[in-house]
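Let's take a walk through a protein model together. Keep the viewer open and follow along as we go.

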Amino acid sequence: MSYQVIGIAIVAVLFLLIRLLNTTDIPKIKGLPEIPGLPILGNLWHLGTDHARVAQKWAQKYGPVFQTRLGNKRVIFVNSYESVRHFWITHQSALISRPTFHTFHSVVSSSQGFTIGTSPWDDSCKARRKAAATALNRPSTQSYMPILDLESTASIKELAADCKGGAVDVDPSLYFARFALNTSLTLNYGIRIDGNINNEMLEEITQVERGVSNFRSTSNNWQDYVPIMRLWNKQNTEAESFRLRRDAYLTKLLNELKGQIAAGIDKPCITGNILKDPEAKLNEAEIKSICLTMVSAGLDTVPVNLVMGLAFLSSPEGQAVQARALEEIEKVYPDGEAWEKCLVEEKVPYITALVKETLRFWTVIPICLPRTSIKDIPYEGAVIPAGTTFFMNAYAADYDEQRFKDPYKFIPERFLNDTESGTPHYAYGAGSRMCAGSHLANRELYTAYIRLITAFEIHPARNPADRPIIDAIECSSNPTALTTDPKLFKIGLKIRSESRLKEWIAAAEARTRLSLKLSFRTLSYLFVMSNQISNLRPLTTYVTGHSPMNGTAIFQETRPAVWTSPDNESMGFNVVYTTSEFPVSFDNDNDIAKHDALMGTGNLGLVNPKGTVCRIVDFAPDNNPVMHRTQSLDYGVVISGTLELELDAGEKRLLYPGDVAVQRGTIHSWYNPSQTEWARMLFVLQDSEPVMVNGQPLKEDLGEASGSIPPSGNSN
Ligand code: HEM
């Protein structure tokens, strides 16, 4: 063979090889700007270590939406507030899946499964997201406030001791890592890390989760994009060591819980309820995935926001914000009740605005968790095909001058009179796979801010070298990591009033001791999936609401029925909903919060004073009829079976499905005459004035049921 032929063959092979290495999963998209790139690497090199800002600069030149080639992957970057709305919200059903990446999905996560936030959309992801979203929705979150009470108090108490009356500057990071981690551990396993911030387990979990976050980097795992680089496996060895360490504590936590369940000494928690529920549709791998999500999701995020918020408050510019925040808190709570009240209400708009501005300013996942489209999406004449990877440059969108005036300034006031009715910022992402823990995170941040600001004056550290960098990107010690990793810094703390702080801490500790039982009861109420005693159809409650984006009606919550059996298992009660006022106010979902709080007390009688109760009752065949009276107007509708309504003088009527009893404070009983079939009724009970007979009020009388059903409390 001549040298010429060999030369041509080599060139041809090289050409084919380069073409092969340059191909992308999705071919170039017509009509969408593309960033010029290098052979093989594409734009990976250019993204460098400052990917969010590099992409932000590209957006200035090429427009807010452009395509890049990252090795063999075509990736769309979306950089402005409005363009994120277009893809993540308007086309949310198309953008519901997530891509997989070699390092994270094949190496780091190969044993405990993926977190929810890194799972492609399928039935399993749907089931896990639903379980997590139910456990983390607004009313559930409200029931976790005793945990936040305990954890924020523990951190502030230790900070107060460690700052030695203001003589020593402190690094706040571990105090708030424990705050967030203990919240997740208690919710998930019923376990918390006791002891101080030097606890070994706290250190191990925070270090490993940080390491894992670095492996989820958008731009420094080139082997994720250039498959040939997987042949060099240094990164893989490191990733594997994190996996092993992570497995060790996740397995330990799960086994500890399983041991407690076996010994009957477990505390109610999300995983415990799933493990004990024979009806739970989640398998072991899915349970592990939920655990992994719960442990990791809040750990890289909540503490970063809190410590960077403290960094700003300690700075010279932060002093004015701190002063205003304190003034606004004291305006609402002049007598120092803010510590307690922040657990039950969010009534200081300035602190809510401070939380939002913190989330915006330090968008801690600057390039949001990636998405994969499952349908074509149109954009300005181009069509982006299904299967394309999307990166939201949340940092650029949250610093978009079209949406935020002076975005590089930290101005909580911007959220006080914000006219934007949609997603206020993209720190939590947006749309169909938006952060499921945002209610919990908001409550954590609000509570911590209220308590920190009322407890301490926050000053710059004495040594200028210890002071923080405020800039959202420069503050990170590892800008290529998925989440911001603040460089270490210190702040100065001075306790505003020793005596008040002591009082607040003592009150919180007393509350914790007292409320432990209640919070566990509340938790069990929320997580009991079903303990229905009848064999009738299991029930679901659908609670509707309005989209905060555009006001259209939505299914806000879907809840499984929660059954109790007050009457020796011959009757099942499912309280569908309660109201505590008339007319009902839906503001801030207060009605939902009130309902859940009431159920959490375990003290609801048959009637809710000044309100209503919607209850489904299942009657066993041939049940024991109980004569009773409530001081209420009741609508009782038979849903299935036949029921006999008997009044005290012995009059009886048979009611069939669809028949309605309008009960006007009369004494009566319900009997299911079937010897084989359960019967079901729906009741709506409304508080009423007592019936007056001969000038005497006819009060509530629970008959045989008194003792097993609490008194309603409207008929004393
Ligand atoms: C300041 C605190 C937090 C921030 C900034 C944050 C941010 C985010 C972001 C940006 C996403 C991706 C959203 C998207 O793709 O649109 C996400 C997903 C998620 N977050 Fe959070 N998060 C926080 C706290 C939490 C907490 C405390 C939990 C639960 C304990 C949690 C649970 C989740 C879950 C389950 C997902 C996955 C949602 C899905 O893929 O369907 N997050 N979070």
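Which residues in α3 are buried? They are H51, A52, R53, V54, A55, Q56, W58 and A59, where buried means under 20% relative accessible area, exposed means over 50%, and partly exposed lies in between (1.4 Å probe, protein chains only). Before going on, a word on ground rules: this is a predicted model, where local features need pLDDT of at least 70 and side-chain atom pairs count only at pLDDT 80 or more, while totals for chains, interfaces and linings use all residues. Residues are numbered from 1 along each chain as its sequence is written, and side-chain values use heavy atoms, with hydrogens and water left out.

Back to α3. Helices (H or I, at least four residues) and strands (E, at least two) are DSSP runs, numbered from the N terminus. The cover over the buried residues of α3 includes α2 (44–47), β1 (65–70), β2 (73–78) and α19. Just after α3, G63 takes a positive phi of about 100°.

Now find T363, in the loop between α18 (349–361) and β3 (371–372). T363 counts as buried because its relative accessible area is 3%. Leaving aside residues up to four places away in sequence, T363 touches A394, Y395, D398, Y426, A427 and T484, with contact meaning heavy atoms within 4.5 Å. The side chains of T363 and D398 also make a polar contact, at 2.7 Å. (A polar contact is a pair of N or O atoms within 3.5 Å; within protein, one must be able to donate a hydrogen and the other to accept it, and residues adjacent in sequence count only if both atoms are side-chain atoms.)

Next, the ligand. Of the 28 residues around the ligand, R98, R129, R371, R433 and C435 come nearest; a residue counts here if one of its heavy atoms lies within 4 Å of the molecule. A polar side-chain atom of R98 lies 2.8 Å from a ligand oxygen atom, and an N or O atom in the side chain of R433 is 2.6 Å from an oxygen atom of the ligand. For A430, a polar backbone atom is 3.1 Å from a ligand oxygen atom.

Finish at C435, in the loop between α19 (394–398) and α20 (438–455). C435 counts as partly exposed because its relative accessibility is 34%.
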